[in-house]
Amino acid sequence: MIALDIFADPVCPFCLIGYERLRRALAERPGHPFQLAWHPFQLNPSMPREGMARADYLQAKFGQDGAVKMHQQLLEIAASDALPLDPLKVLRQPNTLDALRLVYWAGLEEKATAVMEGVMAAHWYEGRDIGDPRELVRIAQAAGLDGTMIGRLLASDADCDTIASRDAHARERGITAVPTFIVANTHAITGAQPKELWLKVIDELSGAPSDAILN
């Protein structure tokens, strides 16, 4: 297997779009060589733990015109990619520390992908507040995790330092934006790349010696 490390924040719409395109490519190549691993990269580490109104966040970050353009861009991509993404459903901009802690814990039970899918879908498709521990417990249970245990962990500071350390390490490696995909700990693919690129990568990697990856 070939490691495919994915650095992502679930509130980044392009992490959702980029992963969905990758997922569809993997589905078309069921014999693909990738072993997925998720890594935290918090886009807004200074966001209050209770989050804030998304309208206020967008206004502060992009301005009114920028926010409108961002919504339009996302709606166009959603239509072209047949994704049920509606940014107007998202009313809260959450702090994602707890969501990233949950993905980390899920990874210990080899369920990180299912949980990250659940977190992104809850936020972007359903407009649920993924900064709310109760929502995260529901997502964890849907992925087969122990909801009672997850609730206790979320109520504590467990692994907050771990997430911060892993986030810092990503930045030390030169990662400045998400999504970033690292193939075999060597080659970086950034952004929401089209499914066709991933199909090409998978086809080139299948059967190729490890020292020839993407060369």
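## Close-ups of a predicted model

**View 1. The crossing of helices α5 and α6 is right-handed.** Right-handed here means the near helix is turned clockwise from the far one by less than a right angle. The axes of α5 (residues 133-142) and α6 (residues 147-154) come within 9 Å and cross at roughly 145°; axes are lines fitted to C-alpha atoms over the stretch in contact, with angles from 0 to 180 degrees between N-to-C directions. Helices are DSSP runs of H or I with at least four residues, and strands are E runs of at least two, numbered from the N terminus. On the α5 side, P133, L136, V137, A140 and Q141 make the contact (heavy atoms within 4.5 Å), and α6 brings G147, I150, G151 and L154.

This is a predicted model: local features need pLDDT of at least 70 and side-chain atom pairs 80 or more, while totals for chains, interfaces and linings use all residues. Numbering starts from 1 along each chain as its sequence is written, and side-chain values use heavy atoms, leaving out hydrogens and water.

**View 2. An open sheet of 4 strands runs in the order β2-β1-β5-β6.** Pairing, which takes at least two DSSP bridges between two strands, is mixed here. The edges are β2 (34-40) and β6 (187-190), and the twist averages 25° from one strand to the next. Strands β1 (residues 2-8) and β5 (residues 180-183) pair antiparallel over 4 bridges, with D5 opposite I182.

**View 3. Helix α1 (residues 13-28) lies across β1, β2 and β5.** The helix runs at about 170° to β2.
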